[in-house]
Amino acid sequence: MFGPDICGSQTKKLHVILSYQGQNYPIKKDIQCETDKLTHFYTFILRPDASYSILIDNRERESGSMYTDWDILPPRKIKDTKAKKPADWDDREHIDDPNDIKPEGYDSIPAEIPDPKANEPDDWDEEEDGIWKPPKIPNPAYKGPWKRKKIRNPNYKGKWKTPWIDNPEFEDDPDLYVLRPIKYVGIEVWQVKAGSVFDNILICDDPQYARKVVEDIWAANRELEKEAFEEAEKVRRAKEEEEAQRAREEGERRRKERGNRRRRPKRYDPHYDDDYHDEL
């Protein structure tokens with residue numbers, strides 16, 4: 001199965017589902033399809049080495065391998081779950097400089113010092129307030145606890161990673177890319193509004209020929225289609241505006257009719273009993 005899937009505002013993807021030994025396998029990549037209202041040409045190329053390319057309008061959108069982008073076969077390589085980081089593996093990128101020495105007197109530098117700009121208040125009374133001391137401020141000469149400088153570790157081996165090993169469950173299929181003979185083409189349509197058009201379906205074994213077909217059929221008519229679409233959109237918008245105007249006029253007419261009915265005076269009914277006037 002190959003083609004675009006547009007459903008609501010969320011699903012806008014390109015399906016690539018391959019069949020192998022009676023089971024269907026969707027591609028693991030999330031490929032976005034085109035979402036405008038113009039026609040587009042989707043191309044899927046599958047090669048004998050199991051590599052593939054996906055083209056939209058003759059431009060490559062995605063590529064890869066059947067071995068990695070579908071869960072058809074077990075992976076060739078797996079991580080060695082039994083492997084452990086060697087005891088002598090040094091993964092420290094930087095280390096303390098062993099030649100860096102703490103300056104003499106460094107630990108005696110206080111973190112705070114008296115504010116040299118502070119003055120004793122004029123109303124300070126030592127008998128009542130005690131001996132005045134200037135407030136403390138951070139010492140600009142204090143650099144915090146001393147630490148050795150960092151240097152590059154000459155024994156750094158990089159971050160250790162679990163090694164990959166051959167997967168014992170992997171069994172290659174040299175005919176993985178081979179598709180069953182294609183006798184029919186089916187189009188699955190599930191939509192809530194009209195307007196979808198399908199045309200020019202090509203199945204071949206020559207990518208260059210496929211590119212030429214796209215250029216000769218789709219690309220040659222692209223500008224003409226765009227112009228025709230824009231003209232059709234103008235007609236559609238004009239028609240919608242005309243219908244909207246008629247709806248507004250009809251609504252205004254009905255509103256006026258309702259207003260006239262409310263203002264119309266009641267006719268005198270001689271059979272209507274008016275007890276109030278009888279009492280008078």
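R237 and E233 both lie in helix 3, 4 residues apart, about one turn of the helix; helices (H or I, at least four residues) and strands (E, at least two) are DSSP runs numbered from the N terminus. The model is predicted: local features need pLDDT of at least 70, side-chain atom pairs count only at pLDDT 80 or more, and totals for chains, interfaces and linings use all residues. Residues are numbered from 1 along each chain as its sequence is written, and side-chain values use heavy atoms, with hydrogens and water left out.

**Salt bridges**

- The structure holds 21 salt bridges, each defined as a side-chain nitrogen of Lys or Arg within 4 Å of a carboxyl oxygen of Asp or Glu.
- The side chains of R237 and E233 form one of them, at 3.9 Å from N to O.
- E233 is buried at 14% relative accessible area, whereas R237 is partly exposed at 44%; buried means under 20%, exposed over 50%, and partly exposed in between (1.4 Å probe, protein chains only).
- A network of salt bridges links E233, R236, R237 and E240.
- D172 and R76 are joined by a salt bridge of 3.8 Å, N to O. D172 lies in the loop between strand 12 (164–166) and helix 3 (207–263) and R76 in the loop between helix 1 and strand 7 (77–79), so this pair ties together parts 96 residues apart in sequence.
- In the salt bridge between D96 and K150, the closest N and O atoms are 2.9 Å apart. Because D96 lies in strand 8 (residues 94–96) and K150 in strand 11 (residues 150–152), the pair ties together parts that are 54 residues apart in sequence.
- D96 is partly exposed at 40% relative accessibility, while K150 is exposed at 56%.

- An open sheet of 3 strands has the order 1-2-3 with antiparallel pairing, where two strands pair if DSSP finds at least two bridges between them.
- Strand 1 (2–7) and strand 3 (23–26) stand at the edges with a single partner strand each, so one side of each lacks a neighbour in the sheet.
- Strand 1 is joined to strand 2 by 6 bridges, and G3 stands opposite H15 in strand 2.
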